[in-house]
Amino acid sequence: MGVVLSNIVAIYRRELQSYFVSPLAYAITGIFWFIAGLFFILILMGPDGILAAVAALDTQGQQFGVPVPPIDVPYEFVRAFLDRMGWLLLFVLPILSMGLYAEERKRGTLELLATSPVTNWAVAIGKLLGVVTFFTTMVVPMLALEAIALSASSPAMPPTIPLLGHLALILLAAAILSLGMFISSLTDSTILAAVLTFATILLLLFVDLIAKNISGPIGQALGYLSLLKHYNNLIQGIFDSSSLVLFGSYIVLGIFLTAQSIDALRFQRQ
Amino acid sequence: MKIIATKKLWKYLIWLGLFLATAGLATGLVANEWGTIPLALIISGTVIIGLWLVLQSQESNWWGRRSTQAGTNALVATLAVLAILGLINFLASRYEVRVDLTETQLFTLAPESKELVRNLKQPVKVLVFDVAQNPQDRELLENYQKQNSKFQFEYIDPQARPGLVEKFGVKDYGEVYLESGNKRQLLQVVNVNDRLSEIKLTNGLQQISSTSTAKVYFLQGHGERQLTSGEGAISQAVQALGNKNYTTAPLNLVEKSSVPSDANVLVIAGPKRSLFDGEVKVLRDYLNQGGNLLLAIDPGTDPKLDSLLTEWGVKLDNRLAVDVSGSVAFGPAVPIVTEYGQHPITKDFGNSISFYRLARPIETTPVPGVEATKLLLTKPYPNTWAESDLQNENLQFNEGKDLKGPLTLGVALKRKLPVPSQANPSPTPPANPTATESRMVVIGDSDFATDGSFAQQLNGDVFLNSVNWASQQDRQPLSIRPKEPKNRRINLTSAQANVLALSSLLVLPLIGFAVAAILWWLRR
C-alpha cells in the first residue's frame, strides 16, 4: 500500500512539475483569469450587474415609498458567478485534460508508463490529482477576488455557501477532468481528445434538458446523471449527499476506464 | 462464388441487428410506451446480433483468441463497475442526506407543507401549462414530490396538448392547475415576476384534498332565479359551486317544516313574490340554530323578510341605485362597484370592478350582538344616488326624496349564538350543533350572479366568496411564512471596486501571459 501511495505521489509530482514549466499551461491560465475576471466584473459592477440593478431598485423604492423585497446580494452574486464559472469549465477543462495521455502516446513515453511496475490506476490517480491541483491553483485568485467583494457585504455573510460552491466547482472540474483523461488515453491526437471531451461534457450538461421532456423513471434517471443539475444544487447552498456521490462516481469511472484502456494497450503491445 | 458472397453478406448482419434494436429503443422512448412494436424491434435486433456473434465465432474461431478473452474480461469488468456505480447512485438518491445551508432555509418546505403532502390520501397532480421550466419552480415541485409519491407534477406545452387545454380551460401560458380525482382548480399563473409559491400550493392542496363537502340549498317557489339554464337563471353560479366542492339542491319550504339539517347555506336569490309567514318563521328558526343565509333581493320586489331583517339591523331600501359616472358599457341603472369592505369575502379584490344591474341600496343600523360589514360600496355622490322617482325620464338627484351615494349594495353580517342552556332543552335539536354563530350576506341585487354576468369581472367571485364565507366552511388557510432571503447588500468602496477591476481584468491575466512568454523564451 505504501509503495502504491509513493508511486501516486511520484506521478503527481511529475505531472505538477510539467504544468508549472509549461508555457501553454500559463497561457491557458491567463485566458481563464481574464474571462473569469470579466464575468466577475460584469456580474458585480457591470451596467447590468447585480449592484446596479439592486441600487436602481432601492432608489425606486425610496422614491415611491414602496418597500423593496429583501435581496441577498452577496448570495445572488456568488451563485451567478459560480454558474458562469461552470460554463467556463466547459471550454477550459478539455484543454487541460487533452494532453494527459495523448501527449505521452505521441511522444512514445506511454509504453514506458504502461510497462512500468506502477499500476495503471495509480498512474491515472496521480495524473488526475495533478491536473485537479493545477485547476485549483487557477481558481484560488478568483476566490481571493470574491473574498474582497464579500468582505464589503453588510451584514456580513457567513462563508458556508461560498465555500460549498467552490467545493462543488472543484468536484465538477474533477469529474470532467477524469472523463477527459479517459478520452485522452484513447487517442494520440490532443485536438481530437479536446473535441471529444468537449462533446462529452456538453452531453452530460445537457442530459438534463433531454430528461425534462421524458417523464417516468427513465427521465428521472437521465436527469439524475446531469452534472449541471447537481452542480446548481450545490452552488445555491443545498448540501446533498447524492450529488457528492454522483461526482465521486464520475471521478472513479474516469480513473477506472483510463486504467482499462491503458491495460488494453499493454496487452496489445505484448 | 455465390457461397462466398452470401458468407460476406452475413458479416453485415450486425448492422441490421443494431438498426432494429436502436429503432426499437427510439420508438419506445419517443412514444414513452413499451408496447408490442418497440419490444418486437428490440427483441429481433438482439436475436440478430446474437446470431451474428455465433456466426462470427464459427467462422474464425474468434472466441479462442487471446485478444478476445482479454477484451471480454475488460468488458465484463467495465460492465460490473458500471453496474456497481449505478447501484451506489441509486441507493444514494434513495437515501440522500439533504442539508439546506441557506440562512433562511430557502429550499426547505415549511413543516405544514411537509405534513400535508405526506398525509395525502388521493393522488394529486400539478399541471403547469408552460413551455419554459423555471428551475426554481421545478425545484419546489420536486421537493413536494420527495415527500410523497402521490404528489405528481407535469409541465405541459399548451400547443402540443390541445385536448388538455380544452379540458382545463387554459387561457394563457403559465397557468398552474391542481387535479385530484375529477376535481380541478386553478392555482395561480406563473410568470417572470410571480413564481410558484409554496403558500398557494400548500393551501391549494389542502383545499383539493379535503373530502368534506358543504351543501348549499337554493330556496324555490317564489319566482327565484332558476338553477338550470334559462332566461335569467343562475346555472353558471351553481356549476361554479359544484367545481368548488359544494353540492347544491333546490329547497321548497312549503313542503317542509324546517331547513334540512345538512344545509350549510341557504341561498334566496331574487324572489319575485313574498314568502309566507310560516316560511319566514322557518328561516328565523334556522338562523337561531346557527344557520346561514345568502339573500339577493332585487328592487321592486318585497319578499316580506323585513321582520327577519330588522332583527339583524338590515333595511332594504326601495329606491333604485343609479350610477351616472359616465361608464359607456353600462347604463345609469348599472352601478359599478370598485370599493370593497375589509372582509374575508372581498379582501383580495383591490379596486377591481363588479357591477349590479338594477340594484337597491341596503341600510344597516347597529344591533347588539350583530357584527355588520359593508361589502360593496358605490362611488360617492354626485356619481351615484338612490333614485326614488323612476317614472321621470330625467335622471336627477332630488334633495329630500333621493339618497346620496356612496350606497351600500351588499353587507355581511354575523351573529353569535346564545350559549344553549342545558336546563332548558329546546324542543327541536339544533340543525348544526357545533355552530357558534350564524352568518348572513345581503346583496341588493340578484342580477349580478345570473348567467352571462356571472363570468364577467368580479361578479362570480363576489357570489362564490359570499357563499364560501356564509357556509362557515372558510377553512383557515395554513399560515406559512413566505420564504424570504436575508436582506443584504454589498457596499463596495471605490478603492475596493478599483482594486477588483484592475486585478481581475489586468493584473491576473497579465501575470499568466507574462510567465507563459518568459517560459517560452527560456525554452527556446
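Q: Which residue stands opposite Ala321(B) in S17(B)?
A: Ala386(B) does. This is a predicted model, where local features need pLDDT of at least 70, side-chain atom pairs count only at pLDDT 80 or more, and totals for chains, interfaces and linings use all residues. Residues are numbered from 1 along each chain as its sequence is written, chains are lettered from A and ligands numbered from 1 in the order written, and side-chain values use heavy atoms, with hydrogens and water left out.

Q: How many bridges join S11(B) to S17(B)?
A: Four, and the two strands run antiparallel. S17(B) covers residues 384-387. Strands here are DSSP runs of E, at least two residues, and helices are runs of H or I, at least four, numbered from the N terminus. Two strands pair if DSSP finds at least two bridges between them.

Q: What is the strand order in that sheet?
A: S11-S17-S18 in chain B, an open sheet of three strands with antiparallel pairing. S11 (320-323) and S18 (403-404) of chain B each have a single partner strand, so one side of each is left without a neighbour in the sheet.

Q: Where is Pro382(B), and what joins Tyr381(B) to Pro382(B)?
A: Pro382(B) is in the loop between S16 (370-377) and S17 of chain B. A cis peptide bond joins Tyr381(B) to Pro382(B), with omega about 10°.

Q: And what joins Ser154(A) and Pro155(A)?
A: A cis peptide bond, with omega about -10°. Pro155(A) lies in the loop between strand S1 (153-154) and helix H8 (160-186) of chain A.

Q: Switching to helices. How many residues does H10(B) have?
A: Twelve, residues 277-288. From first C-alpha to last, H10(B) reaches 16 Å, close to the 16 Å expected at 1.5 Å a residue. That expected span is 1.5 Å times one less than the number of residues.

Q: Which residues of H10(B) are buried?
A: Glu279(B), Val280(B), Val282(B), Leu283(B), Tyr286(B) and Leu287(B). Buried means under 20% relative accessible area, exposed over 50%, and partly exposed in between, with a 1.4 Å probe and protein chains only.

Q: Where do they fall around the axis of H10(B)?
A: Within an arc of 155°, so the buried residues line one face of the helix. The arc is that of the directions from the helix axis to the C-beta atoms.

Q: What covers them?
A: The cover includes strands S8 (265-269), S9 (292-296) and S20 (437-443), plus helix H11 (306-311), of chain B. Contact means heavy atoms within 4.5 Å.

Q: What does phi do just after H10(B)?
A: Gly290(B) takes a positive phi of about 90°.

Q: Which residues other than glycine have positive phi?
A: Gln105(B), near 55°, is one of them. Another is Gln457(B), near 45°. Gln105(B) lies in the loop between S1 (98-100) and H5 (111-118) of chain B. Gln457(B) lies in the loop between S20 and H12 (459-470) of chain B.

Q: What is the relative accessible area of Gln105(B)?
A: It is 35%, so Gln105(B) is partly exposed. Gln457(B) also counts as partly exposed, at 48% relative accessibility.

Q: Which residues in chain B lose the most area to chain A?
A: Arg488(B), Arg489(B) and Ile490(B), together 15% of what that side buries.

Q: Which residues touch the most other members of the largest nonpolar core?
A: Phe40(A) and Phe77(A), in a core of 86 residues. A nonpolar core is a set of buried Ala, Val, Leu, Ile, Met, Phe, Trp, Tyr and Cys residues joined through side-chain atoms within 4.5 Å. Leaving out residues up to four places away in sequence, the contacts of Phe40(A) include Phe77(A), Met142(A) and Leu500(B).

Key: Buried area is the accessible area (1.4 Å probe) that two parts lose on being put together, summed over both.
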